[in-house]
Amino acid sequence: MEIQLLTTRQALEDIPYFAQNFSRPKYAGLDLTPSSTPWVLVGGSYAGIRAAFARIEYPDVIFAAYSSSAPVQARLNMSMYYDQVYRGLVGHGFENCAKDIHAALGYIDQQLSENHTAAEIKRLFFGPGAENNSNEGFTAALATIYNYFQSYGLDGPKGTLRELCKHLEVDPITQEAAGPDGFTPVRGSKYVAERWAVWPAFTPLVNKFMETNCRGLNDPAKPSCKLDMTYYDPDSISWSWQTCTEWGFYQSNNVGPHSLLSRYQTLEYQQEVCNNQFAQAVVNGMLPSRPQTDMLNEEYRGWNIRPSNTFFTGGEFDPWRTLSMLTTEDIAPGVAPDGLTFSTEIPKCGETSEDKVFGYLLKGSEHCYDFQSLSTEGKAARDLFMDALTKWLPCFKSQGFRGERDIGGN
C-alpha cells in the first residue's frame, strides 16, 4: 500500500465495507450485516477516535460505539501531554520526584548551552560517543523515562518512573527519603541530574527505545550511541505518517513550572523528526510542511462531535485525555463549569446533547485502563456501557430490523 493513501478518511471507509460484507461460515444462515445485526464498534486511542467518528459518519452501519481514551481533536501543539504526566506523578504521590526532574532538566539545559559542557553532560549520561548527538537528539533520549507512563502509569516493565523516582528520592548512603520538595532545595539541581545519570536502568531503557547501543551494553564490540528519532517498525512508521500529515500531536516541552522536558524539545524539532523520517516524501512534495490539523477538525468537528449511542472514557491522568471529549483543559471550547460536561447518566437511544456527553472518568488511571482486566475502574466503565447497550438495543429492533441476536453473542 502506498503510504500517502493512509489517511483517516480511508481508514474510516474500510469499516462500512467490512461490516456490510461480513459473514461467518459457521453461521451461514444468519445475516450478520448491519441491516439485521447491531454492530457495536469498540476501540481505544486512535481506534477510539475511529469508533466515535464511524458512529457519526455511518449511523446506519454502526449502531453504538465505545470510545476509550480517544483524542478526537487534532492539534499541532500537544505539549499538555506532559502536564498530565506531571499531574500523574503528583497524584500518585511523587510530587518531589516531579520537581526534581524539572530541576535536573534545567541544569542539563544550562550545560547544553556551551559546547564543552554539552559534551560532558552527554557522556555522563550515555558514555563515549554520546557527545556526537545534537542537543535535540540527546534530550529526546532523556524523555524515554516517560515512555511507559501512558500505558502503565508509574509501573510496568523494567525502567519505570516509579523506579526512577525511588532512585532519585532516596539517599543511596543513608537511605534517607527526600522531603515533599525533593532534594533540589538542599543539594541542588546538579546533584539530581548526576543521580539520574547513574540510574542503572536508564541506558538499557534508551537503548531499547532508540534502537542503539550506548555504552556497548548490547554488544561490547560495537558500541554506538546515535540518538535520533527514526522509526523502523511498520506500526510506528504508519502512525508517524498520520501524525505528521493530519493529527499533529507534537509532544513538545510543556514550558512552565511543571515542564518535564528540555527546552530543546520544541515544535520545530518535532517537525524535523517528521521531515527526517519521511525525507523522500518531502522531496516528492507528499509531506505537508506541517500537519493539516485544521482541515481534519473541520471535516470531523473534533471536540464538537456529538454522536448518539456513544460512550466515552478516559483515565484521570491519561496524557491523551487532554484532547478527548473528557478534557478539562482550558484550551477546549466550553468545558465545565460553564459548558461541556460529561455524565454517567445513560441517554436515550439516539439522543445527543450539545452541552453533555455520556462518559466515565477512570480515577487514578492512564491510557485505555478500561481494557485492563484487573482494573476496578475499568470494570465499572465496561459495566456501565453494558447497561447502556441493554437500554439502547430495543430501539434497534423497533426500527424494523430483523436482528434478534442477544448482545451477549457480540
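This is a predicted model: local features need pLDDT of at least 70, side-chain atom pairs count only at pLDDT 80 or more; totals for chains, interfaces and linings use all residues.
**Entry 1**

On the side of domain 1 that touches domain 2, I noted six nonpolar, five polar and five charged residues. I then searched the interface for salt bridges and recorded one. I also listed the salt bridge of arginine 87 with glutamate 329, whose closest N and O atoms are 2.7 Å apart.

I checked the domain bounds: domain 1 covers 8–74 + 308–395, and domain 2 covers 76–232. The contact draws on 16 residues from domain 1 and 14 residues from domain 2. The two domains bury about 1200 Å² between them, with 61% of that area on carbon and sulfur atoms. I noted 36 Å between their C-alpha centres.

**Entry 2. Salt bridges**

I counted 12 salt bridges by the rule applied. Arg9, Glu57 and Glu299 are linked in a network of them.

I examined lysine 190 and glutamate 194, whose closest N and O atoms are 2.6 Å apart in a salt bridge. Both residues lie in helix α10 (residues 189–197), and because they are four residues apart there, about one helical turn separates them. Lysine 190 is partly exposed at 41% relative accessibility, and glutamate 194 is partly exposed at 31%.

I next looked up glutamate 131, which meets arginine 123 in a salt bridge at 3.9 Å, N to O. Glutamate 131 is partly exposed at 28%, as is arginine 123 at 35%.

Finally, I recorded the salt bridge of aspartate 228 and lysine 226 at 3.8 Å, N to O. Here aspartate 228 is partly exposed at 24%, whereas lysine 226 is exposed at 56%.

Conventions: Residues are numbered from 1 along each chain as its sequence is written. Side-chain values use heavy atoms; hydrogens and water are left out. Domain bounds come from an automatic or database domain assignment. Contact means heavy atoms within 4.5 Å. Buried area is the accessible area (1.4 Å probe) that two parts lose on being put together, summed over both. A salt bridge is a side-chain nitrogen of Lys or Arg within 4 Å of a carboxyl oxygen of Asp or Glu. Ala, Val, Leu, Ile, Met, Phe, Trp, Tyr, Cys and Pro count as nonpolar, Asp, Glu, Lys and Arg as charged, and the others, Gly among them, as polar. Buried means under 20% relative accessible area, exposed over 50%, partly exposed in between (1.4 Å probe, protein chains only). Helices (H or I, at least four residues) and strands (E, at least two) are DSSP runs, numbered from the N terminus.
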